[in-house]
Amino acid sequence: MSRNPLAAGRPLREFLSGDARELAPLLLGAVLTHESRDGAVSVRLTELEAYLGPEDSLHPDPGSHTYRGPTPRNAPMFGPAGHLYVYFTYGMHHCTNLVCGPEGVASALLLRAGEIVDGVELARRRRPTSNNPSDLARGPARLAKALGLTTADSGRDALAPPFGLVLPPGPSGSVSSGPRVGVSGAGGTDQYSWRFWITGDPTVSQYKAAKPRNGVEGKRL
């Protein structure tokens, strides 16, 4: 049971079964922990992006992995709230999503950036190229790397050991929103301003618009 007043006394999984676009600003400041055999790392979430469902759903999202329907890879996005959806992109990076919404309705939050608040030394070993602490989880690939997450963790429950999610004690101050990063086509426009971040936080990643490849519009990878 979460004691965060934002959850209104509801169990955390029930709270996460809401609309990802509404949950995103409320989850800024939440702390996600992964305790691996190497040790525990905790990250305070400072930037999130909401993604919704297939083109034939109530909330079609052309920027989502689920837009063309369910596949073995995106299956966790249709599963219970509070689970992870981790994917591999560009042949080198993992990115982590927290599944939201009712089971059977595709919805998730991409964990874009955060501040390492515990396990800094372990995060540094995993991210030796980071120049300062604010860079350790600044961007979705860095965040996943710092937490030690891979596709082997896709579908796992983020609310049960070896994971843990603690909501912030209240609103995280000023919150900004805008178009999602690296999403080409309609899904990357102001119509889908579903990226939320803590205003002025140094760990928030830099916005970059997507560049269509070979003149073809696409969605995030």
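W194 is buried, with a relative accessible area of 12%; buried here means under 20% relative accessible area, exposed over 50%, and partly exposed in between, with a 1.4 Å probe and protein chains only. The ring of W194 pairs with that of Y192: their centres are 5.0 Å apart and their planes stand at 75 degrees, so the pair is edge-to-face. Y192, at 10% relative accessibility, counts as buried too. For these pairs, rings of Phe, Tyr and Trp, the last by its six-membered ring, must have centres within 6.5 Å; planes under 30 degrees apart are called stacked, those over 60 edge-to-face, and the rest tilted.

Before I continue, a word on the source. This is a predicted model, in which local features need pLDDT of at least 70 and side-chain atom pairs count only at pLDDT 80 or more, whereas totals for chains, interfaces and linings use all residues. Residues are numbered from 1 along each chain as its sequence is written, and side-chain values use heavy atoms, leaving out hydrogens and water.

How many aromatic pairs does a search of the whole structure find? The search returns two. Besides Y192 and W194, there is the pair of Y85 and Y87, which is tilted, at 5.7 Å centre to centre and 35 degrees between the planes. Y85 is buried at 0% relative accessible area, and Y87 is buried at 2%.

Another ring, that of W197, has the charged end of R195 over it, 4.1 Å from the ring centre. The criterion is NZ of Lys or CZ of Arg within 6 Å of the ring centre and within 35 degrees of the ring normal.

I turn now to helix α2, residues 20–27, where A20, L23, A24 and L27 are buried. Seen down the axis, these buried residues fall within an arc of 115 degrees, so they line one face of the helix; the arc is taken from the directions from the helix axis to the C-beta atoms. An α-helix has 3.6 residues a turn, so residues three or four places apart point the same way. Helices (H or I, at least four residues) and strands (E, at least two) are DSSP runs, numbered from the N terminus. What do the buried residues of α2 pack against? Their partners are α1 (12–15), β2 (39–51), β4 (93–99), β5 (108–118) and β8 (195–198), with contact meaning heavy atoms within 4.5 Å. After α2 comes G29, with a positive phi near 100 degrees.

Finally, the cysteines. The whole structure contains zero disulfides, defined as pairs of cysteine sulfur atoms within 2.5 Å. For C95, the nearest cysteine sulfur is that of C100, 16 Å away. C95 is buried at 5% relative accessible area, and C100 is buried at 0%.
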